[in-house]
Amino acid sequence: MTLQHQSLGELFEVRCLHIPSMNRTSFEGLLTFVEETLKREFSRAPSRPIYLVGESLGGSLALALAANNLDLDLVLVLVNPATCFSKSPLRPWFSLMDILPEESIIPFTQGAFWTLAKTIPRESLLWKLRILQSAELYTNPRLHVVKHSVLLIVSGKDEFLPSREEALRLKSVLKNCRIRYFKDSGHAILLEEGISLSTIMKGVFFYRRSRAHDHVSDFVPPTQEERERSYEEEGLISKLTSPVMFSTNQHGKIVKGLSGIPHEGPVLFVGIHMLLGFEIGIIVLELLKQRNILLRGIAHPMMLGDFFDGELQEPNRYDRARLHGAVPVSGKNLLKLLSSKSFILLYPGGAREALHRQGEQYKLFWPEKAEFVRMAARFEATIIPFGIVGEDDIAEEWRIW
């Protein structure tokens, strides 16, 4: 967790459970200790959620705590949880360690167990393996009662646990569970370069400050590192299309670039969707680059929920949209964004416009009554109509239709 402390510290008051190498507390003992700490934290701030981040054994511990404390507002982030220890390649060696002397085992060890046997004293390793077994036996029968929100972060190349298969099992048992899958990562994924726990959480709307998630007040702007990563991920479309942007300044002159955009909000960008909305990422990121303006898109709820999540969902472009402030379309969310003087991106034509058919290029599918105009006027917002030229033509040239 060391590499995650700084970014998590910007969102949370971080508390870490440290188990000294010579500690021999049982799983139930650890459970009691952490449970007492949780209840103290809850009594200190009962209106705030408590996040439990558990990796391996910590994942089993977090699930057990959730099962025993259904009345607490807990949010679980589980990283390769050890609820499948009985299926681990470590399990056979655990049985041998109990009956054979150390010098008889180490010459025959290999792979993951060899790494552990050479770095952890025998007694400490035995205790760790026993507590993993106890954790699995205690936690699994209680999984069916867990109703808390759970985010599973799963590695595809976990050398210690069958995490991929276990993620699918847990998702089928837990009532409110989402998965983010990293196919090339190993067991200690949080120590790997480029893995940010806070980014993953923000990308699935998993950060909140109170009992219910608020898309406006709970939003945390992307960090500079997150921005840079988004520029890289969106770079291919920019290279393929080479977009050029123009804006109109306060004197009515059309200028190259986005210098004509107002400095202060609220500002409402109203445009026409091109095919599949590929232009959205370019617009959002160019405003960030050129003007340091965070444009918050309003999107169909289906796009920002888990509708498009697969069984083992890897991070995707919808995660990036959520990370950069996209919110589900609703009058309430638009009202909140306008009142907070945000820069807002709205496509009145919605999904129908983005999924237009051949021959419907550049055709508007706007509703007869544009309610957004009345709301914008109420907050004296600047309305900027905009259009895109060429995207549908590229689609036709590439025969996407």
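Which residues touch the most other members of the largest nonpolar core?

Modeller: This is a predicted model, and what follows should be read as such. The largest nonpolar core has 44 residues, and those touching the most other members are Phe 27, Leu 38, Leu 52, Leu 74, Leu 76, Leu 152 and Leu 174. At least two residues of this core come from each of the helices H2 (27–44), H3, H7 (122–139) and H8 (163–173), and likewise from each of the strands S1 (50–55), S2 (74–79), S3 (149–155) and S4 (177–182). Helix H3 gives the most, with 8 residues.

Leaving aside residues up to four places away in sequence, Leu 74 touches Leu 38, Ile 50, Leu 52, Leu 65, Ala 66, Asn 69, His 148 and Ser 149. Apart from this core there is a second, separate one of 20 residues, which includes Phe 12, Ile 153, Leu 190 and Phe 206.

Now to the packing of H3 against H2. The axes of these two helices are 10 Å apart, and the helices pack at an angle of about 60°. An angle between 35 and 65 degrees counts as oblique, so H2 is oblique to H3. The crossing of H2 and H3 is right-handed. On the H2 side the contact is made by Phe 27, Leu 30, Leu 31, Val 34, Glu 35 and Leu 38, and on the H3 side by Leu 57, Ser 60, Leu 61, Ala 64, Leu 65 and Asn 68. Sorted by class, this contact has 9 nonpolar, 2 polar and 1 charged residues.

Ser 60 deserves a separate word. Ser 60 lies in H3, which spans residues 57–68. Its relative accessibility is 0%, so Ser 60 counts as buried. Not counting residues up to four places away in sequence, Ser 60 touches Phe 27, Pro 81, Ala 82, Thr 83, Ala 135 and Thr 139.

For another helix pair, consider H14 (residues 331–339) and H16 (residues 371–378), whose axes come within 10 Å and cross at roughly 30°. That angle makes H14 roughly parallel to H16. H14 passes H16 in a right-handed crossing. Here Gly 331, Leu 334, Leu 335 and Leu 338 of H14 meet Phe 372, Met 375, Ala 376 and Arg 378 of H16. The residues of this contact divide into 6 nonpolar, 1 polar and 1 charged.

Conventions
Residues numbered from 1 in each chain as written. Predicted model: local features only at pLDDT ≥ 70, side-chain atom pairs only at ≥ 80, totals over all residues. Heavy atoms only, no water. Axes fitted to C-alpha atoms, helices over the stretch in contact; angles between N-to-C directions. Helix = DSSP H or I, 4+ residues; strand = E, 2+ residues; numbered from the N terminus. Parallel < 35°, antiparallel > 145°, perpendicular 65-115°, else oblique. Left-handed = near helix turned anticlockwise from the far one by under 90°. Contact = heavy atoms within 4.5 Å. Nonpolar A, V, L, I, M, F, W, Y, C, P; charged D, E, K, R; others polar. Buried < 20%, exposed > 50% of the residue type's maximum accessible area, 1.4 Å probe, protein only. Core = buried A, V, L, I, M, F, W, Y, C linked by side-chain atoms within 4.5 Å.
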